[in-house]
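Q: Please take a close look at the aromatic rings in this model. I would like one connected account of how they pair and where they sit.

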Amino acid sequence: MRVSERFRWTRWLFWCVVGLVALWIAWLGRAIWFPVSIAFMIATVLDPTVDRLENRGCPRGVATALVFMLFLVGATLAVVLLSPGISAQAAAISRDLSRLFPDPERPNLVPFTRDILVKLDAHPALRDAVLNAAREGTTHLSQTLNRASALMLAWAPNLMWFIVVPVLAFYTLNDYHRIYAKGILLVPRRHRQFAQELVAEISSLFGKYLRGLAAICTLLGISIAILLKAFGNDYWQLLGFLGGILYAVPVVGSLFTLCLVVLVTLVTEAPSKALMVGGALLVLTNGVFDQVVTPRIVGRQVGLHPILTILALLLGYQVWGIVGMLVAVPVAASIQAVVVHLIPKLGVDLELRPLEELQKTEAETRAEHLEAEETPLDQHFVLHAVVENVE
């Protein structure tokens, strides 16, 4: 083996060992990555605003401090204004649920479901099927509550993250482009342009998705609260807040919100009113937001097919639970961007038109070509470009 080949293999072995050690250290410190990712998300969302101020002559540090201060003031005002009403309604709904579930640690859905089915005068076949689903749901709900309790106990002592995350987000926002540039420098020179284009597209996709999702969730939460307030629901503020947050989980979030609102209304009101509230909420979420608002604000930025979205949600839940579902869509969209960069023809938008329309376009193109045979040469050049565009 020649000296150059030996040196190349030695260098590859060195970097493999370094990579394995880095992965091992990252695994040991895996508890920090979730709050760190929150800080980077905040920086990604706020960076375009800072860039606009910087382009208008404002120094980066001053623009960062101004935008971040406005963000903190807005978040603090939202907490101060919303927390009293939400806390009071959460306590009230907790008292109502405690009467339905005497053991809150192991809630049994079967008696509650049986009472609702009796109130609705359900068919025996439907009643048996729903009760079987309630028995299975009781098991899954107990497991979910145990996981949530363990997660809350694990995060309760880490109150320092409420200080560390904003500070980390501020410094990340201030040096956002430096961090990006240093990462590009680690890529070999021959692949640097490709990596730069890819990272720019992915970071832009993440930013647009997060900003659009935040706007959609806020708007939907307000809309749900107004809708429930109009129907006289006593928990309109709490359910609107939960509905806005849960909508961040595509497909599953809106379905869970619908079930939650209907169940709460069934407990506190008549079945007819629960049916009316559920129908109105279904029109609002699935009719207005899913079909009109969300595709215009978020869907175009992500560009992910509904089938891929559902598969990404299922895979995200299997890998990382609820958190995996929250990040499944932008991660899947990023993977799609990588694949399209590697195989560009997969990114071509195929327009499948009826055969008659295609034949008409072909006939028009031939007619223009025959007409252009009697025109000067420069017109032939224009026609050639037109034909190539059509093809």
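A: A helix here is a DSSP run of H or I with at least four residues, and helices are numbered from the N terminus. The model is a predicted one. By that definition, the protein chain has 14 helices and 0 strands.

The structure contains 4 aromatic pairs. One of them is made by Phe68 and Phe71, whose ring centres are 6.1 Å apart with 40° between the planes, and this pair is tilted. Both residues belong to helix α3, and because they are 3 residues apart there, about one helical turn separates them. Phe68 has a relative accessible area of 6%, so Phe68 is buried. Phe71 has 32% relative accessibility, so Phe71 counts as partly exposed.

A second pair to look at is that of Tyr247 and Phe289. Their ring centres are 6.4 Å apart and their planes stand at 75°, so this pair is edge-to-face. Tyr247 lies in the loop between α9 and α10, while Phe289 lies in helix α11, so the pair ties together parts that are 42 residues apart in sequence. Tyr247 and Phe289 are both buried.

Met69, Val73, Leu77, Val80, Leu81, Leu82, Phe241 and Ile245 make a nonpolar surface patch of about 750 Å². The elements giving two or more residues to this patch are α3, which spans 60-100, and α9, which spans 236-246. Of the elements, α3 gives the most, with 6 residues. Val80 has a relative accessible area of 51%, and exposed means over 50%, so Val80 counts as exposed.

For the chain as a whole, 27% of the 391 residues count as buried. The accessible surface of the chain is about 26,400 Å², and carbon and sulfur atoms account for 69% of that surface. Among contacts between residues at least 6 apart in sequence, 67% join residues at least 24 apart.

Methods: Residues are numbered from 1 along each chain as its sequence is written. This is a predicted model: local features need pLDDT of at least 70, side-chain atom pairs count only at pLDDT 80 or more; totals for chains, interfaces and linings use all residues. Side-chain values use heavy atoms; hydrogens and water are left out. Buried means under 20% relative accessible area, exposed over 50%, partly exposed in between (1.4 Å probe, protein chains only). Contact means heavy atoms within 4.5 Å. Accessible areas come from the Shrake-Rupley method with a 1.4 Å probe; for residues, only the protein chains shown count as cover. Patches are made of residues with over 30% relative accessible area and no salt bridge: like charges are joined within 9 Å, nonpolar side chains (Val, Leu, Ile, Met, Phe, Trp, Tyr) within 5 Å. A salt bridge is a side-chain nitrogen of Lys or Arg within 4 Å of a carboxyl oxygen of Asp or Glu. Rings of Phe, Tyr and Trp (its six-membered ring) pair if their centres lie within 6.5 Å; planes under 30 degrees apart count as stacked, over 60 as edge-to-face and the rest as tilted.
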